[in-house]
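I opened my notebook for this one and jotted down what I looked up, step by step. Come along with me.

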Amino acid sequence: MKKIGENLYLVLIFVFLFLPILVLILFSFNTSSLNIIFEGFTLHWYYDLFQNSTLLESLFNTLIVAGVSTVVSTVIGTISAYGLYKYSFKGKNIVNELLYIPVVIPEIVLGISLLSVYTLLQLELGLFTLILAHICFCIPFVIISVRSVLEGIDSHISEAASDLGASRFQIFTKIIIPMLMPGILSGAQLALTLSLDDVVISYFTAGPGANTLPLQVYSMIKTGITPDVNALITIMLCFVFVLLMVSTVVQLRRLKKEVSL
Amino acid sequence: MNSKKLWKFFFICPVIIYVSLLIALPLIYILLISFFQSDYYGGMISTFTIQNYIDVFDQVYISVFLKSIFIAGITTFICILISYPFVLAISHKKPRTQKILMTLVMVPFLTNSLIRMYGWLVLLRKSGVINQVLMGLGVIQEPLSLMYNMIGIIIGMVYTLLPFMILPLYSSVSTVDPYLLEASSDLGASKMKTFFKIIVPQTLPGLFNGSLMVFTPALGYFFIVDILGGGKMMILGNLIKNQFLTARNWPFGAAISIVLVLITSLVIIAYRKLGGKMEDLGGA
């Protein structure tokens, strides 16, 4: 009896979590364009989508911003995490404290302060400023994620490598990086998620020429959304879902290995 | 410079440049602007005035502050209420099932939050799916007002921020020793007693972490209030956004932002006082 109640509750919450997405997927196949009642099945909106250059451009921008900021913040975050772990320098404590600011500060404050600095430096708002903003809020998450793995690794291993004549470069690329891989990957995944999910900071730091998908949808909500947006969202969701399935299968395999050990 | 120094330079330079240019500089600049004066044409006069901070205490703005804190508080409370039974139910499953269910929690989280708000708009509006279904079933005669009011805003906030409560609470709950729960029930404690005397104290770090990660963003998510509140409602996020983009009074917008940062700092100080660790916050 208790089990049934628990499972029912889980189902209920998952329905709550998936409902707004399922509804958009459903309506992307709807013959009516009003998003009100499901009238019949069509792929018409998918065809429309490929004619809609504004939407496709916003999708392209979203992917560029997410891709570039994930790669850059993962590289910088990994280097920084190692630097902060290995070396001490003046002001290190301040750096460590400042790093948590993007994690805890309300996004809107980060958004408007970046906007103000861009204006101060006379940077024209566009893809570049948008990517820079995304890099800004992603780096600390990568550092935190890599650092948690760094603390667990055995420093004797790199000492041993050094005694055996490995150069610093060799130690970093052949020993440190492979050991940090789980942290680097989960940091990258986090950065990608945050970048794809962001609305608030993008809203202030993207110029008129750099509309991302959420910003496009935001402006369309006021004027009326066409169902080809639903089609685009459905395609993106499939993409994300496949990505997540792959990562879950990999993690489950690892879990299995740990259990069998 | 020898190779050792060069190597160190390579590892610490990026982070120093990053925190100075992309974190410290923007925040210091906002603090500076908040003491400037607006010229009412969208520009700023660089003087030193505390007028912007005095203006914040106008009754109109105080009520926005209170409303924001109220909405963020209710959202946090509802997220806690939903998350505890949820993570407890998940923790009773096999490890493999747990992993799959927690991944499923993350799936909607991977589509953009604004797009999910659009999904709620389709569901909640007068001619929306929920009202159509309920009227079709004959449960109600007239459509319910589920959005353009407080209900819509709270639904949107809880929905968007729920994963931030579920994730830390789940990792906290999975550290509770199951034998402790068994012992408690063997010794005759009721379910309620076990929950409040054992589970809650043992999961406090996750609870504080989640509350912080739900409460502070909820103060600023202007787009949720915009879409589901119908433009009449206003929280701090909307106020700051309007000052920067519509009214173009940057100094006043900056002053409100600084006050928002102060509120956030108080929450963080409380979190640290209660034993919370900063490095746990980014681990979601």
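Before counting, I noted the cut-off: a residue is buried if 20 or more other C-beta atoms lie within 10 Å of its own. I also kept in mind that this is a predicted model.

Entry, chain A as a whole. By that cut-off, 41% of the 261 residues of chain A count as buried. I then looked up the secondary structure and found 12 helices and 0 strands in chain A. Written out along the sequence, the pattern of chain A is α-α-α-α-α-α-α-α-α-α-α-α. I checked the extent of the C-alpha trace of chain A too, and it spans about 75 × 60 × 35 Å along its principal axes.

Entry, contacts within chain A. I took the contacts between residues at least 6 apart in sequence, and 81% of them join residues at least 24 apart.

Entry, where the chains meet.

Entry, one helix in chain B. I picked helix α10 (residues 204-220) of chain B and tested its length: at 1.5 Å a residue, its 17 residues should span 24 Å, and the end C-alpha atoms are 25 Å apart, which agrees. Is α10(B) enclosed or open, I wondered? Of its 17 residues, 15 are buried, so α10(B) is largely enclosed by the rest of the structure.

Technical notes:
Residues are numbered from 1 along each chain as its sequence is written. Chains are lettered from A and ligands numbered from 1 in the order in which they are written. This is a predicted model: local features need pLDDT of at least 70, side-chain atom pairs count only at pLDDT 80 or more; totals for chains, interfaces and linings use all residues. Helices (H or I, at least four residues) and strands (E, at least two) are DSSP runs, numbered from the N terminus. The expected span of a helix is 1.5 Å times one less than its number of residues. A residue is buried if 20 or more other C-beta atoms lie within 10 Å of its own, exposed if 12 or fewer, and partly exposed in between; C-beta atoms are placed from the backbone. Two residues are in contact if their C-beta atoms, placed from the backbone, lie within 7 Å.
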